[in-house]
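Colleague: Hi! Could you walk me through this one before I set anything up?
Modeller: Happy to, here it is.

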Amino acid sequence: MTLSPTQIERYSRHIILPNVGGVGQQRLLNAIVHCDLSTSKSATLVAIVYLASAGVGTLILSGDVHHPVTHHDIETSICFELNDIGTSYITALTTKMTASNPDVTITSNESLHPHHRLIITDETHTIQDALILGGQHALSVITSIVTVTQQP
Amino acid sequence: MVNNLIPSIAIVLSLTNKRVVIVGAGGLGGPISYGLAACACHLTLCDNDTVALSNLHRQIQFQLSDIGTLKTTALCNTLIQRGINADKLIHHAIRCTADNTDLWLDGADLIIDASDNFETKFMVNDLSVAAQIPCLITSSLRYCGQILAVIPGKTGCYRCLFEAPPHNEFIDNCNTGGIVGAVLAIVAGIAVQQAQQLLTNDYTDAGTLFHFDNLEETITPRKIQFEQRHDCLACGDRS
Ligand SMILES: [Zn+2]
């Protein structure tokens, strides 16, 4: 698989990073990451948004994926809007990411075999704390995907 | 770093009438505005740029249908869709300079530099010192992040530490040096924490440069303390 011109444009600020390049971006697009929403929802949601934006190709969600979005979720994380209230996390996340990055598949199909797992256990109560903790975990997953030694 | 207290009603009330000017509506300005809007601050958002496809890997407030739209307009729309009252938001499609402060600095209790260039960072610092308004200078590149809170008259400033913008040939920004989007989330989160401190007269972290260069340092950023310089061109005795 090669990157399309649209993908090269979309991920250009990744591709020019010395540790990423086209090979690293292809690894991100091929990666399958399991994201557990049963703990630390706000920070996990932050991490999911940054992983999906970075082009991590498949995100398997588990935990409270059918939980309806509430006002509290909007106030404590970054991914939802008022018109998501009442719809399930997985539906709202799929809608958001379809609108911003069609390279990404969000699924609850746990029969897929993930290469990486995102599990955050510390609870956060504010957007700022969710940004820091979710950002750290997303960065950790992205770094480990782009630096694996095998070919994509 | 993670605060386990729910933001108290007292903090939200004390921030309700504060106005924060955010210079830059991109990868840092987006999540910073989410955090401060949730604290009920009034926001002035400034940026003269439009949304491009190459922004979407890190500027999570935008989507494909925003491409070509002014970043300030698209960000305001997203904030309103998140339930923020439009009366709390002012936006200007301008590049902030020292010559057009009448357009963007009005009523500021805090200025946050969330721009991608040194010229603007030094401009925000110098104006902050001259107008005696606290500022936060934020930046990120590749895997690195920096945050500095400046309180004029109480701490050293950005120019005390860095003196002057680097020469053009040494300058990288996200467009030339690259960036991992998740780094911006971390810088933005720390910036919102420090903005809350400044707006409630808590000077714990002011005047200390927070810096991280790798994943481990994001958990405990390096804290670089420095003195106010008497010969600083912005805040020194001879300025
Ligand atoms: Zn100074």
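**A serine to start with**

Modeller: B:Ser33 counts as buried because its relative accessibility is 0%; buried means under 20% relative accessible area, exposed over 50%, and partly exposed in between, with a 1.4 Å probe and protein chains only.
Colleague: Where does B:Ser33 lie in chain B?
Modeller: B:Ser33 is in helix α2, residues 29-38. Helices (H or I, at least four residues) and strands (E, at least two) are DSSP runs, numbered from the N terminus.
Colleague: And what does B:Ser33 touch, leaving out residues up to four places away in sequence?
Modeller: B:Ser33 touches B:Ile22, B:Leu43, B:Leu45, B:Leu75 and B:Leu79, where contact means heavy atoms within 4.5 Å.
Colleague: What should I know about the model and the numbering?
Modeller: This is a predicted model, in which local features need pLDDT of at least 70 and side-chain atom pairs count only at pLDDT 80 or more, while totals for chains, interfaces and linings use all residues. Residues are numbered from 1 along each chain as its sequence is written, chains are lettered from A and ligands numbered from 1 in the order in which they are written, and side-chain values use heavy atoms, with hydrogens and water left out.
Colleague: Back to chain B, then. How many helices and strands?
Modeller: Chain B has 9 helices and 8 strands. Its C-alpha trace spans about 50 × 45 × 40 Å along the principal axes.
Colleague: Which residues have a positive phi?
Modeller: B:Arg142 is one of them, with phi near 50 degrees. B:Arg142 sits in the loop between β5 (135-141) and β6 (144-150) and counts as partly exposed because its relative accessibility is 29%. Another is B:Glu163, with phi near 65 degrees, in the loop between α6 (158-162) and α7 (174-177).
Colleague: Is B:Glu163 buried or exposed?
Modeller: B:Glu163 is exposed, at 51% relative accessible area. For background, most residues other than glycine have a negative phi.
Colleague: Switching to chain A: what's the pattern along the sequence?
Modeller: Chain A reads α-α-α-β-α-β-α-α-β-β-α. The radius of gyration of chain A is 15 Å, close to the 15 Å from the globule rule for 152 residues, so chain A is as compact as a globular protein of that length.
Colleague: Where is A:Gly24?
Modeller: A:Gly24 is in helix α3, residues 21-30 of chain A, and is buried, with a relative accessible area of 0%. The C-alpha atoms of A:Gly24 and A:Ile142 are separated by 9.4 Å, although these residues are 118 residues apart along the chain.
Colleague: Last topic. How many residues are in contact between the chains?
Modeller: On chain B 48 residues are in contact with 44 residues of chain A. The area buried between the chains is about 3900 Å², with 65% from carbon and sulfur atoms; buried area is the accessible area (1.4 Å probe) that two parts lose on being put together, summed over both.
Colleague: Which three residues supply more than any other three on the chain B side?
Modeller: B:His57, B:Ile60 and B:Arg82, which supply 17% of the area that chain B buries against chain A.

How values were computed: Rg over C-alpha atoms; globule rule 2.2 N^0.38 Å.
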